[in-house]
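Please look over the sequence and the model before reading on.

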Amino acid sequence: MMKRIKNIHIAAIVALVILAGCKKYEQFPVDKVGIQYVFDPKDSLGTNAQAFLYGIYPVLKSGHNRVGGDYLDAASDDAMSSASGPTNPVTILATAAYNSYTIPADENLWAYYYAGIRSANQFVNNIDVVPVMAKYNGYSMKYVWKSEARFLRAMFYFELVKRYGGVPLLGNKVFTISDNVALPRNSFSDCIKYIVSECDAIKDTLLTAPVANPNADAHRVTKGAALALKARALLYAASPLFNGGNIDAANPLTGYTDNSVTRWQAASAAAKDVMNLGSYALMANFKDIFLVQNNSEMILIRQTGADNIIESTNAPIGFPGAAAKGQTSPSQQLVDAYPMNNGMAITDPASGYDANNPYTNRDPRLTYTIFFNGARWLNSDLQLFEGGQSKPNGTLQQTKTGYYMRKFMGNEENTNSFQSHNADWLVIRYADVILGYAEAENEANGATSDVYNAMIAIRKRAGIAAGGDGLYGLKAGMSQADMRDVVHNERRVEFAFEESRYWDIRRWKTANTVLNQPLNGMSITKIGSGLTYNIVAALTTKFNQPNMYLYPIPYDEVLKNPNMKQNPGW
């Protein structure tokens, strides 16, 4: 496992020489740089050590078109790739066309995250020798840095655990080529305990939000991020896939071997701890979450800078002055998940939904998330009917579902070209904490007033009307099961394309239902001034249960390590 990544620090050190060097020439060859140059006992500023730490942060991935050029959620029931084909990575994932040695590279992340863990361990093991003079809350800044490295390590473990279940825990060990690296996997329970204990241990030695210098430190880990990671890990651990629905009931590697409501209680309490900080607030405008830098909803981000790459990759085609590829095709199932602007589901006879005007009076998040026929864009009303400007048919890449993704793009409804805007990836945002709390609290105690209040906060910000009862479309007196369905759907529409749905349908163990049916789109025919709407199948998705609920341990890891147990069914 470690052989391929034993020299990861060399690349980081070389980068440090480039970034931190104050001369125009090398004082000595970069291939001779050792770890002592980074962690220098004479460097009271800690310049090189800090640069090494900042070099670990990019291991956190930006989700923008990261899986073979597509969003990961294009491998769920929320969308498909407009470039869909049998070798397209998200199509391979969506159609169960992979095994332990053919899983697409952008989701084959075992070695990738262990490389990040190794770098974090190097930092943790060596930072103490650096005599950093800068202070934070009365103690050396190097202790803040160490806590940041420990957080990143815990985050990398979480990314592994949600994919594979229990994985080997390395502690602070930095393995060398002479070490025995034939390590067994730790239990799922041990991995969750480790992540939670790390978050608890570091939370009070991190920066607090809002940071004093957002221009320099907005990307850095804070106490709120540590508490939010703890809450997320506990939410996953409490979910059916691991808690009561273990795919191999007696196997501690793939989940708990029992079912306990106390896990939901722990997840609820952890989310409430984040809410009680008072450091975060929902943005007033849903679209601004993704466009306004350093806003009140951001808990942890992956900085990517300002550009219009999201538009040029995903926006509707058919605009010569603003060329795009229309890479992401949202599903009809996702469109149908958005309620009306009164908060009622479109299947409710009292909602006011009109199948002949399907996009009228809908939840405002639909307009902010998905381009549909008639939506405003680049000084025009989109033509997504058959033969229309943005769905001309033929061989040109275009939507396969009658929709394009709108989320994350700038305010370009009434411009003639794409504008540069913030494109930071939100790893954790405050709405996720609130909905995580609503989910866990409902599972622990039923549809209490606290659950209703959390749901109302999200719906109110979305722009849904309060209604005469002030419930924003929620029904009074819901059962736990009814509220569960509402919470699940709210997560779907709130976090579309944010790498939530793909994992949610796995931890809820609903993927075998939603992915073993066609992914649908909308075909619109224009005759004169009239439009006819027809739902059509766009992709045959597939989910082989139960093995697909967890990824296979990479084939080469099992082959070279006799102590590495493969996940069931692979």
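This is a predicted model: local features need pLDDT of at least 70, side-chain atom pairs count only at pLDDT 80 or more; totals for chains, interfaces and linings use all residues.

Residues are numbered from 1 along each chain as its sequence is written, and side-chain values use heavy atoms, with hydrogens and water left out.

**Cavities**

Rolling a probe the size of a water molecule over the atoms shows where empty space is left. A cavity here is a set of points, on a 1 Å grid over the protein atoms alone, where a 1.4 Å probe fits but cannot get out, and its lining residues have an atom within 4 Å of a point. Grid points are joined across faces, edges and corners, and the volume is the space filled by probe spheres set on the points. By a search of the whole structure, four cavities of 30 Å³ or more are found.

| Cavity | Volume | Lining by class |
|---|---|---|
| Largest cavity | about 460 Å³ | 18 nonpolar, two polar and eleven charged residues |
| Second largest cavity | about 50 Å³ | six nonpolar, no polar and three charged residues |

Of the 31 residues that line the largest cavity, Lys 162, Arg 232, Val 427, Glu 498 and Glu 499 lie nearest its centre. At least two lining residues each come from α6 (141-164), α9 (223-238), α10 (262-277), β12 (425-429) and α14 (430-445), where helices (H or I, at least four residues) and strands (E, at least two) are DSSP runs numbered from the N terminus. The residues lining the second largest cavity include Phe 286, Tyr 368 and Arg 406.

Glu 499 has a phi near 60°, a positive value in a residue other than glycine, and is placed in the loop between α16 (480-494) and α17 (501-507). With a relative accessibility of 16%, Glu 499 counts as buried, a term that means under 20% relative accessible area, with exposed over 50% and partly exposed in between (1.4 Å probe, protein chains only).

**Core and a buried arginine**

The largest nonpolar core has 172 residues, and Phe 123 and Phe 151 have the most contacts inside it; α6 gives this core its largest share, 14 residues. Such a core is a set of buried Ala, Val, Leu, Ile, Met, Phe, Trp, Tyr and Cys residues joined through side-chain atoms within 4.5 Å.

Arg 220 lies in the loop between α8 and α9 and, at 4% relative accessibility, counts as buried. Its side chain is joined to that of Glu 148 by a polar contact of 2.5 Å, a polar contact being a pair of N or O atoms within 3.5 Å in which, within protein, one must be able to donate a hydrogen and the other to accept it, and residues adjacent in sequence count only if both atoms are side-chain atoms.

**Cis peptide bonds**

The peptide bond from Ala 209 to Pro 210 is cis, with omega near -5°, and the bond from Gln 545 to Pro 546 is likewise cis, with omega near 0°.

Key
On a 1 Å grid over the protein atoms alone, a cavity is a set of points where a 1.4 Å probe fits but cannot get out, and a pocket is an open set with protein on both sides within 12 Å along at least five of seven lines; lining residues have an atom within 4 Å of a point. Ala, Val, Leu, Ile, Met, Phe, Trp, Tyr, Cys and Pro count as nonpolar, Asp, Glu, Lys and Arg as charged, and the others, Gly among them, as polar.
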